[in-house]
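Subject: Structure for you to look at

Hello,

Here is the structure to go through. My notes on it follow below.

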Amino acid sequence: DKLTGSMTVAITEKDKEVVPSTKTAGTYTLAVTGLSVPNEKNYNEIVYKTGTLTIKSCTEMPFLDVVPGSYSWDAIHWADVHDITKGKTATSFAPGDTCTRAQAVTFLWRAAGSPEPVAKTTDFTDVDAGRYYYKALLWAVENNIVKGVTATTFQPDAKCSRAQIVTFLWRANGSPKVQADNPFTDVKADRYYADAVLWATKAGITKGVTATTFQPDAKCSRAQVVTFLFRNSK
């Protein structure tokens with residue numbers, strides 16, 4: 001079916017970002033032109049983009065390798081619907097694959113709304129301007145979210161650790177200071193990621209692998225990264 005004319009949508013405080021120009025909750029009538037709509041049971045998500053109200057179908061998980069009820073199911077679904085990341089194929093997400101540095105900055109950038117970076121070039125010799133992560137990297141560097149492995153290399157294909165991911169996310173949130181006891185025996189106070197780990201733990205973004213260990217050097221999977229982002233979005 002096609003919808004034309006207008007549609008009245010109730011916007012709550014939690015959902016007010018549906019209409020970017022709206023700063024307060026309320027009921028708004030939005031213009032709808034030539035909109036294809038899915039089956040009614042799929043009216044789960046409403047997204048307002050450039051004058052067009054789009055209703056997305058988001059009840060089904062397209063990835064056969066994401067187990068219903070798993071800790072990352074909601075996060076992967078959210079990441080797919082909001083175009084933060086897609087699967088490795090149309091039907092596989094590869095949740096257990098380790099996230100690379102290029103993927104991590106791209107996920108963060110998209111979760112932030114894909115802002116246009118000020119910089120147009122980078123000093124990193126191992127980064128090509130045509131790569132999918134190029135703008136994300138420029139944005140992340142100029143916002144002090146990531147740095148190079150050396151002054152001239154970013155190593156985009158290097159695998160990310162748990163410590164690196166929570167540090168990227170912490171910096172993206174403005175590097176907030178946290179007053180909290182450190183329960184982890186493997187997170188020393190002088191490590192670059194110490195404050196990030198305490199912040200992420202207190203904020204409920206991630207917990208330790210055990211009650212007393214965070215395992216900062218363990219590789220961080222695609223499922224874990226999008227789960228951290230999903231929890232941070234709430």
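The protein chain has six helices and four strands (DSSP runs, H or I of at least four residues for helices and E of at least two for strands, numbered from the N terminus). Along the sequence their order is β-β-β-β-α-α-α-α-α-α. This is a predicted model, in which local features need pLDDT of at least 70 and side-chain atom pairs count only at pLDDT 80 or more, while totals for chains, interfaces and linings use all residues. Residues are numbered from 1 along each chain as its sequence is written, and side-chain values use heavy atoms, with hydrogens and water left out.

Of the 234 residues, 40% count as buried (under 20% relative accessible area; exposed is over 50% and partly exposed in between, with a 1.4 Å probe and protein chains only).

The whole structure holds six aromatic pairs (ring centres of Phe, Tyr or Trp, the last by its six-membered ring, within 6.5 Å; planes under 30 degrees apart are stacked, over 60 edge-to-face, the rest tilted). One of them joins tyrosine 132 and tyrosine 133, which is edge-to-face because the centres are 5.1 Å apart and the planes at 90°. Tyrosine 132 is partly exposed at 43% relative accessibility, and tyrosine 133 is buried at 2%.

Phenylalanine 184 and phenylalanine 214 form a tilted pair, 5.6 Å centre to centre with 55° between the planes. Phenylalanine 184 is in the loop between helix H4 (162-172) and helix H5 (194-202), and phenylalanine 214 in the loop between H5 and helix H6 (222-232), so the pair ties together parts 30 residues apart in sequence. Phenylalanine 184 is buried at 6% relative accessibility, as is phenylalanine 214 at 0%.

Regards
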